[in-house]
Amino acid sequence: MQPLRHIGTCLTVAAMFIGTAVRAEDATPPAGVALELNAADLVGEACRITFVATNTGSAPIEQAVYETVLFGADGGVMMLTLFDFGALPVGVPRVRQFQIADTACGRIGSLLINGAGTCTVDGVASDVCTKGLATSSRLNIALQG
């Protein structure tokens, strides 16, 4: 009789794992914006940072302006600025570049997307730019949101 209990327990555990796997596959990422910090290059006396932005929502974003905090390598705040990503069509990656005057790229330790100063969808303000924000970085400069 003992082997039957073990088989029943194994089947119960297997069913739990299968149920979890199915639920995870059915989950869809939240609609929003995916921002990737892609490059940082010194151009003269300025650091030019390059982002790849993708609107993962279901409606075009007419304008997305992010309030961004730059932190130094020591963790101290260097500056607070606005980055205007412009229009972001649905599902189409867009590359945006911003120059930070009088700043060597090596001085930047991380970036924080502090919020959206402007996010317009269908002519009205929207929270899609911050509610579903996903950030990543290909560099040793962290990007948080």
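Two disulfides are present in the structure, a disulfide being a pair of cysteine sulfur atoms within 2.5 Å. The structure is a predicted model, in which local features require pLDDT of at least 70, side-chain atom pairs count only at pLDDT 80 or more, and totals for chains, interfaces and linings use all residues. Residues are numbered from 1 along each chain as its sequence is written, and side-chain values use heavy atoms, with hydrogens and water left out. With bonded cysteines counted along the chain, the disulfides follow the pattern 1-2, 3-4.

In one of these links, Cys-47 is joined to Cys-105, with the sulfur atoms 2.2 Å apart. This link is right-handed, with 110° about the S-S bond. Strands (E, at least two residues) and helices (H or I, at least four) are DSSP runs numbered from the N terminus. Cys-47 counts as buried at 0% relative accessibility, and Cys-105 is likewise buried, with a relative accessible area of 14%; buried denotes under 20% relative accessible area, exposed over 50%, and partly exposed the range in between (1.4 Å probe, protein chains only).

The sulfur atoms of Cys-119 and Cys-129 are 2.0 Å apart in a disulfide, which is right-handed with 75° about the S-S bond. Cys-119 belongs to strand S6 and Cys-129 to helix H2 (residues 128-131), 10 residues apart. Both ends are buried: Cys-119 has 7% relative accessibility, and Cys-129 has a relative accessible area of 1%.

Two strands are taken to pair if DSSP finds at least two bridges between them. Strand S2 (residues 46-55) and S5 run antiparallel and are joined by seven bridges; Arg-48 is placed opposite Gln-99 in S5.

A further antiparallel pair consists of strand S3 (residues 61-72) and strand S4 (residues 77-88), joined by nine bridges. Ile-61 has Leu-88 in S4 as its bridge partner. The two strands form a hairpin with four residues between them, and Gly-75 in the turn has a positive phi of about 95°.
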